[in-house]
Amino acid sequence: MQAVQFAEHGDRDVIEYGEYPDPEVDRDEVLVDIKAAALNHLDIWTRRGMPGIDLEMPHIPGSDGAGVVEEIGEDVTRFDEGDHVALSAGVGDLRMDDPTLDPRFHIIGEHVTGVHSEYASIPEDNLIPVPDHVDWTVAGSSSLVFQTAWRMLIERADLEAGESVLVLGASGGVGHAALQIADYAGAEVYATGSTEEKLEYAEDRGADHVCNYEEEDFADWVLEETDGRGVDVVVEHVGAPTWRNSLKSLTKGGRLVTCGGTGGGNPETDIPRIFWNQLQIIGSTMATPNQVDDVMELVWNGTFEPVIREELPMSETARAHEIIENREGFGKVVVRPDSEL
């Protein structure tokens, strides 16, 4: 088969699209004919190399994808050939109430072989049914960011109607999902972006107030907009460049919920502000199967919609990485096997 792959960590020039051995199907796995996949910041970090993760090379990235069931292992009971399915990339012990807290929890595409390829063998437990009417670009680009944002806001931050939420980086994958979920939950939504076009997109996706962080300090803007109160919740996934201002943007007793640090993972913090204002710092990773089912049903029925900033053949995956690294556009970047185009 043809697959996106890299044999060493590095810049975008390590990415290749070429022949790779066809996947074998274990007893509990499903062979999926991939129709569309998508990139996340996770793919950038995986390509560059992350401390503590030793990948088998060459590595196929990709934690978002969807396609048609081609073959099933002998122990598979939930799917049949011809079914439409999408990947839910978190792998944990399903006997636990919360598999994301499994010490061996890992993510397909980050820690093990991903789905940016013509075919992928995926554990049955990591596939979710996709209604036949759902477009492949939607099915292949929704799961990771919508489950991440849903768990962050609905489960971890326990967002209630009438509260206020600040979404940083509203043009990105998690950001544009969080906008829609916060609006759906009945929150007053504040959002940041770097261009007027991105801010217009944010308003179209549920933002009530927008700030161009290239032109003004977003924490000062939040305090001015809220008459000095601050917001109840900050959705933080940038890290070092925004951390202190994210804390500053919170009201007393507010919650900062984070799922990553795309701008740097070791920020300077403000301990006096944290204890004096009794702030909560909440980590969040992926979602449980029930949470995935809840949010993806709202994607399948059109309540939530991934914005597609660009769709490319998998042979141009290096360009897809460039779009994300340069923060071009709004929403998700989709890649499709060249044979599908």
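This is a predicted model: local features need pLDDT of at least 70, side-chain atom pairs count only at pLDDT 80 or more; totals for chains, interfaces and linings use all residues.
## Basis of the model

Residues are numbered from 1 along each chain as its sequence is written, and side-chain values use heavy atoms, with hydrogens and water left out. Local features need pLDDT of at least 70, and side-chain atom pairs count only at pLDDT 80 or more, while totals for chains, interfaces and linings use all residues.

Helices (H or I, at least four residues) and strands (E, at least two) are DSSP runs, numbered from the N terminus.

## The six-stranded sheet

Six strands make an open sheet. Their order is S12-S11-S10-S13-S14-S15, and the pairing is parallel. Two strands pair if DSSP finds at least two bridges between them. Strand S12 (209–212) and strand S15 (280–283) stand at the edges. Each has a single partner strand, so one side of each is left without a neighbour in the sheet. On average, neighbouring strands are turned by 20 degrees against each other, direction ignored. Axes are lines fitted to C-alpha atoms, for helices over the stretch in contact, and angles run from 0 to 180 degrees between N-to-C directions.

Strand S10 (residues 164–167) is covered on both faces. Ser 164 and Leu 166 lie on one side, Val 165 and Val 167 on the other, and all are buried. Buried means under 20% relative accessible area, exposed over 50%, and partly exposed in between (1.4 Å probe, protein chains only). In a regular strand the side chains alternate between the two faces of the sheet. Four bridges pair S10 with strand S11 (residues 188–193) in the parallel sense. Ser 164 stands opposite Glu 188 in S11. Leu 166 has Tyr 190 in S11 as its bridge partner. Helix H5 (residues 196–204) packs on the sheet and touches S11 and S12. The direction of H5 makes about 165 degrees with that of S12.

## Helices H3 and H4

Helix H3 (residues 143–156) packs with helix H4 (residues 173–184) at an angle of about 50 degrees. Their axes are 8 Å apart. H3 and H4 are therefore oblique to each other. Angles under 35 degrees count as roughly parallel, over 145 as roughly antiparallel, 65 to 115 as roughly perpendicular and the rest as oblique.

The contact (heavy atoms within 4.5 Å) involves residues of H3 including Phe 146, Trp 150 and Leu 153. On H4, the residues include Val 174, Ile 181 and Tyr 184. By class, the contact of H3 with H4 holds 13 nonpolar, four polar and no charged residues. Ala, Val, Leu, Ile, Met, Phe, Trp, Tyr, Cys and Pro count as nonpolar, Asp, Glu, Lys and Arg as charged, and the others, Gly among them, as polar.

## Helix H1 and its neighbours

In helix H1 (residues 41–48), Leu 42, Asp 43, Ile 44, Thr 46 and Arg 47 are buried. These buried residues pack against S3, strand S7 (106–107), H3 and helix H10 (317–325). Gly 49 follows H1, and its phi is positive, near 105 degrees.

The axes of H1 and H10 come within 10 Å and cross at roughly 110 degrees. The two helices are therefore roughly perpendicular to each other. His 41, Asp 43, Ile 44, Arg 47 and Arg 48 of H1 meet His 321, Ile 324 and Glu 325 of H10. The contact of H1 with H10 has two nonpolar, two polar and four charged residues.

## Strand S17

Strand S17 (residues 332–336) is mostly covered, with five of its five residues buried. Lys 332, Val 334 and Arg 336 are on one side, and Val 333 and Val 335 are on the other.

S17 has antiparallel pairing with strand S3 (residues 29–38), over two bridges. There, Ala 38 stands opposite Val 334. Strand S16 (residues 308–313) runs parallel to S17, joined by five bridges. Glu 310 stands opposite Val 333 in S17.

## Loop residues and an exposed site

A cis peptide bond joins Met 57 and Pro 58, with omega about -5 degrees. Pro 58 lies in the loop between H1 and strand S4 (64–72). Asp 158, in the loop between H3 and S10, has a positive phi near 55 degrees. Asp 158 is partly exposed, at 47% relative accessibility.

Gln 278 has a positive phi near 50 degrees. Gln 278 sits in the loop between helix H8 (271–276) and S15, and is exposed at 61% relative accessibility. Glu 224 belongs to helix H6 (residues 218–225). Glu 224 is exposed, with a relative accessible area of 62%.
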